[in-house]
Protein chains: 2
Amino acid sequence: MIDKMSQLFVRTLRQDPADAVVPSHRWLVRGGYIRRVAPGIYAWLPLGLRVLAKIEQVVREEMVAIGAQEVSFPALLPREPYEATQRWSDYGPSMFRLHDRTGADYLLGPTHEEMFTLLVKDLYSSYKDLPLILFQVQTKYRDEARPRAGILRGREFIMKDSYSFDLSDEGLAAAYEQHRQAYIKIFDRLGFDYVIVSAMSGAMGGSRSEEFLALSEYGEDTFVRSPGGYAANVEAVQVAPPAPVDPAVMAALPAPRTVLTPGATTIDSLVTAVNQVVAQPERPWTGADTLKNVVLRLTHPDGTTEPLVIGLPGDREVDLKRLEAAVHPADVQPFDEADFARYPALVKGYIGPAELTETGPVAFLGADGSTQLRYLVDPRVVDGTSWITGANVADQHVIGLVAGRDFTADGVIDVAEVREGDPAPDGSGPLELARGVEVGHIFQLGRRYAEALGLQVLNQNGKLETVTMGSYGLGISRAVAMVAERNCDERGLMWPRHLAPYDVIVVSAGKTDEIMTTAERLAAELDGLGLDTVWDDRPVSPGVKFADAELLGFPTIVIVGRGLADGVVEVRDRLAGTKQSVPLADAVAVISQLARVEA
Amino acid sequence: MIDKMSQLFVRTLRQDPADAVVPSHRWLVRGGYIRRVAPGIYAWLPLGLRVLAKIEQVVREEMVAIGAQEVSFPALLPREPYEATQRWSDYGPSMFRLHDRTGADYLLGPTHEEMFTLLVKDLYSSYKDLPLILFQVQTKYRDEARPRAGILRGREFIMKDSYSFDLSDEGLAAAYEQHRQAYIKIFDRLGFDYVIVSAMSGAMGGSRSEEFLALSEYGEDTFVRSPGGYAANVEAVQVAPPAPVDPAVMAALPAPRTVLTPGATTIDSLVTAVNQVVAQPERPWTGADTLKNVVLRLTHPDGTTEPLVIGLPGDREVDLKRLEAAVHPADVQPFDEADFARYPALVKGYIGPAELTETGPVAFLGADGSTQLRYLVDPRVVDGTSWITGANVADQHVIGLVAGRDFTADGVIDVAEVREGDPAPDGSGPLELARGVEVGHIFQLGRRYAEALGLQVLNQNGKLETVTMGSYGLGISRAVAMVAERNCDERGLMWPRHLAPYDVIVVSAGKTDEIMTTAERLAAELDGLGLDTVWDDRPVSPGVKFADAELLGFPTIVIVGRGLADGVVEVRDRLAGTKQSVPLADAVAVISQLARVEA
């Protein structure tokens, strides 16, 4: 029984879906691989499910190869464990929460650290039971604010998540490295062009963490890399601070003074004004000489809010993603008019860390300042650096305000935008910016979850010791999208052979009995050889069939048509873009050789 | 790399879980196959997941064999389609509902009729596209009031659900029959002892419907069967009403009269009282001569409530499950004191359909009665039957009140208990009652969903025609429980070979090098032959290992121990309960023959 296009549950679409902005989304929907059910929520149609299963299998094989054992947790989870680790609140609106009929709180699992920790606590009790790696391939839920790009960033999606359990830090490092190598194998097998970058741990907590980013111009993650091999997610870039200035040198710097800067409420207008009023002989002032102070409102998970002022060189903006990562789990918003109304001491456009008085500068921002507003500065604002900044009086700025001498901050926050050409923190050269899609993320969680949930085992000395954990995610449905994106052209999909839903499509291009019976027989023969074959038997024009065959992207397209009069069929290689006329008698041999080359 | 018990993520428990009431629950938890996460919500551990995958595979093969195509829907679904079919409200508290971050309503899918209907509407448009059968193996959610028995009745569970789409009733009947045959094959392959019974469609709507019930003393479903082959779920039993009495005969029956029955508020005391006051010469009065009137409160999905009075022979109780099925989607509760207080005309213990006045009986219950309370009667209360029933006056009953002459009801409701020995409705003999677990349910939905959601296709005449559908469920996680229940004894599980998580467990009973190396080599050899083999290499006593091996229930247990001195190992067949000493040299041959006999 061969599969026939006339019966296959697939319909190709001539139009892009209205919300399609990335090629994987466009082609997977147009090819009938997936179908939207709600924002960020998709159904898998037969072709999509076949690709999904193949990718799942690649992942499963590599996980089993590192000794991971498969389990499967529910998606519907009780609140209490997530309360114990504070993730119930930390996750904020990204977590789907619900009540059951008794009013008890549940959530749809975004990841399962808590549950795996409790499971191991439940069943294991001794160091002899460790090390242990467990994994699952399971449906996850995150109520994304901006679900987008089809299955690339969904609200219900399929992930492989695994968790390692060790007694020692060395054990954790080894499990982490095993995963790192397994991920390299998996992404190599999936044919991704990817980088491994240092990452922030975000909501997960923990110490070491790396992301696998598949390079993509449509990626939402920006990362940096240097010629010397440095690579990091922008959120994880830690700017190397300049060396602090010698105290004697600092003391000798010119004293701060007020300059009149009427209307100069932007960095550009400030730079223009200062260059006019107090021109430097050696070089003009630039934005980099100014200290910009950005006022924000933090909202903590418990609902309390707090103002925060960030001081950074005026030629840089605050990077929202770096900021969000830095203040997590708090939420952050710009100060609005109502906020400013509550802090009349803040003069918009003229905010600075100090006020100049007759006896010298007096702290304005910071815990010790007159406002007591929390004040954090960019790492570049080291002691001894001199700045042009707001005087906290309308139409006035201060010039020559020296960090560490004239003002101090409450701490450092590294959230300024990272720019192409910035030096790599490790001195490995200028940074290049690129975009990618996070396809994997590995974390050394350490003991945070085990401590919160009491996972201890007896060590070799018979004493209870807290277990250290790793957590390793890999987006399976997202990987389907990335394979599609890597393997498509302007006519549709072009699956790599080992991930394709079908190996071969036999197109009967014509309705004569000879064409139909030859095509069917050929399809049956190929199918009999173990090649997944579909026969396009539909009563539609050859042109429609050719277009569909290219859109669907099965690796080998066989056309049984007019050539049959000369005893030949046409064999096309969708990936290579080649075609050849093959005598009918040789067709099976040629096709099965083609199909197996990379299989 | 063979699997070792020392590393396998499994821990057997010596104690039953506190909430275990059925053997499958007890043994699956004690054997480390599943683990409870929350009420009715379980995690699958490695051994459980292996059995689950094998059962899934059996189901998938038989579905593919009838031409069904696999898709996969999300569990998180938007409200609107379920609103269109009224199931959003009809499902009541059994449906998990939630909001997303924008406040939009979602549900966790209990079944997917709506989604499949919309999918086919989305992609198909012509009669030429039909027939079609789609299926999925997917996680379902129902907020059961009483989750119980482990995975037997969970709140998150795995189901195969399929849906058929046809233009004609004959097409639907054919798809239904295909499913019926596929289910027979599946349940035969799973080794169930099952019956196929007529069923109510419940929340699904639709016409023909049958349940596959696996016989089990722990089953929650009661069904009846007769020697002549009648079989039905008790909810679906339709009592054959007696023939109505000839009007002339009816008119000639004695007139009703009041009898004093002080304190006779129960059927027993009423029968005693009546036999004393107006003894019948031919036979004493029994409960079957009395008409009991039960007052209930219906709550409709929209929250409105309504009283309902059910009249039935006094020797029968209302069967709660039959009642719930009959009034679905309304919820039903007994009338409480507060309810009675609102209807002072109702005299508890003395309620009847009519009041006797000087001019004869006057309607009391029913739309035309003085109370206007809705009144439905058992099918046995046909016109011409004469009853002893309440007089609606304290301490008084009426005798000789004739249905159709002295009172009428608003309709019939068939919710009295069905009893062992009752005649089968089709005349095929006395009914026997038995218990089972619903493992499959097939429905001819008809056009209800297609109409509600507008699924029409062009027919052969170019006119739009509504599609007719079938819906077919099969509980996969529940099937795991039922396989376990069918295959266990007082020592634990005993899996049939084709569903077992491992084929063979090799137990090294002793710690000598010879025993350990022989056991390991034997395990490796068996594994090399393709038998899933685990080696129990743990440093625990042979007694513990034997007990665990029997509890885990892998079909073949090989013991490498003291016998090795004589060159033999012991081979046990867990299912057959047999054991044999086998020369080490023959062990592989003997074991692989054993393992393949039924494989």
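Me: Which residues of α2(A) are buried?
Reply: In this predicted model, the buried residues of α2(A) are Leu47(A), Gly48(A), Leu49(A), Val51(A), Leu52(A), Ile55(A), Val59(A), Glu62(A) and Met63(A). Buried means that 20 or more other C-beta atoms, placed from the backbone, lie within 10 Å of the residue's own. Helices are DSSP runs (H or I, at least four residues) and strands likewise (E, at least two), numbered from the N terminus.

Me: What are the numbering and confidence conventions?
Reply: Residues count from 1 along each chain as its sequence is written, and chains are lettered from A in the order in which they are written. Local features need pLDDT of at least 70, side-chain atom pairs count only at pLDDT 80 or more, and totals for chains, interfaces and linings use all residues.

Me: How far does α2 of chain A reach?
Reply: Helix α2 (residues 46–65) of chain A reaches 29 Å from its first C-alpha to its last, close to the 28 Å expected for its 20 residues (1.5 Å times one less than the number of residues).

Me: What comes just after α2(A)?
Reply: Gly67(A) takes a positive phi of about 85° there.

Me: Changing topic, in what order do the strands of the open sheet in chain B lie?
Reply: The order is β5-β7-β6, with antiparallel pairing. The edge strands are β5 (76–78) and β6 (97–99) of chain B, each pairing on one side only. Strands pair if DSSP finds at least two bridges between them.

Me: How many bridges join β5(B) to β7 of chain B?
Reply: There are 3 bridges to strand β7 (residues 105–108). Leu77(B) has Leu107(B) as its bridge partner in β7(B).

Methods
Buried ≥ 20, exposed ≤ 12 C-beta atoms within 10 Å, placed from the backbone.
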